[in-house]
Amino acid sequence: MGAFPITLTRYIIQKQAAHPGATGEFSALMAQIGLVGKMLAQDLRRAGLIHVLGLTGKTNVQGEAVKKLDEIANETFVKVFQHSGLVCALASEEMEKPVNLPENWPHGKYMLLFDPLDGSSNTDVNMPMGTIFSILRYEGKGGLPSESELVRKGTEQVAAGYLMYGSSTMLVFTSGQGVHGFTLDPGVGEYVLSHENIRIPTKGKVYAANEGNYHRWSVGTRRFLDYLKERDQATGRPYSTRYSGCLAADVHRILLGGGIYLYPGETDKPEGKLRLLYEANPLAMVVAQAGGRASTGTENILDVKPTAVHQRVPLIIGSREDVTVAEDFIQEKRRD
Ligand code: AHG
Ligand code: MN
Ligand code: MN
């Protein structure tokens, strides 16, 4: 018999034991996120059979058409964290305003921000999807948090991560002590530590971007993409393109193998598409903890001072050297 697998439960208990002051609340929170992942993975596997593909007919606060699975994923989060005793506020891509959970107060000191279903254009075509989450701590003694308490810089996150529903379901997270990946063993319904202390290569060979937007990008961004496609043995070019339309899946590939993901600003839409608080910030924390970087093109993502829950931001994320070269092109320090 091989070594007994380290399950998420066991891993969390061991880590908690190393922190004598820990109350166990963070461990319970991660276990509940794992539960959300199991429930959503189950829904996604059967989606084509239980009539939950397609649109709801509604539009969310982003002005985007809401898929039935977006709504189901959001409801799953809310149901799992209501009465959990762990979380006092939730903010989601699919909810116009953050929601307080008074039944968990004053015990639940965590605030959870999430993209319940990322890559939802992939729902109807059996392609990968994800869930992205960011965890903040609320220190306030004056009652439940107001909306502005959730609008914090990425450096204030206490933990962050994502679930990825691909050929297997994975939970990847950091609480500021490295990045660890767990793979769901569907036979026993447990997450098993499969990728301990992930380190992103300092440079990669892959880029991920929706190049259909090429003519909407700034000249510097376009020059960077042209640069990646040129032939140059010394710098390992040309890079290969890999783009799934699911941010979590595309960043997952780059986290493991290196390279760069870009969703830049556009000349008519400089803020880009992706949301700072529950897409860019959590992935930036994960990638930074693994030794990589995330930038807007001019500023570190984790240092951006947010002003609104649903704020958008350009995102350039991945291997340290690749992100730095991208910044040089975007800032027109380099033209090559
Ligand atoms: P969401 O499904 O949560 O709205 O996010 C979609 C995001 C992201 O996952 C992906 O990288 C990007 O939008 C894809 O956008 P394009 O279709 O414009 O490439
Ligand atoms: Mn998303
Ligand atoms: Mn989404």
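Modeller: Two strands count as paired if DSSP finds at least two bridges between them, and strands (E, at least two residues) are themselves DSSP runs, numbered from the N terminus, as are helices (H or I, at least four). This is a predicted model, in which local features need pLDDT of at least 70 and side-chain atom pairs count only at pLDDT 80 or more, while totals for chains, interfaces and linings use all residues. Residues are numbered from 1 along each chain as its sequence is written, chains are lettered from A and ligands numbered from 1 in the order in which they are written, and side-chain values use heavy atoms, without hydrogens and water.

Biologist: What makes S14 and strand S15 (residues 315-318) a pair?

Modeller: They share three bridges in the antiparallel sense, and the rule asks for at least two, so they pair. Ser295 has Ile316 in S15 as its bridge partner.

Biologist: Why are strands S12 and S14 called edges?

Modeller: The open, mixed sheet runs S12-S11-S13-S15-S14. Strand S12 (240-241) and strand S14 (293-295) each have a single partner strand, so one side of each lacks a neighbour in the sheet.

Biologist: Which residues are donors of the manganese ion (ligand 3)?

Modeller: Glu93 (OE), Asp115 (OD) and Leu117 (O), at 2.2 to 2.3 Å. Donors are N, O and S atoms within 2.8 Å of the metal (3.2 Å for Na, K and Ca), so these atoms qualify; water is not among the atoms, so the site may look incomplete.
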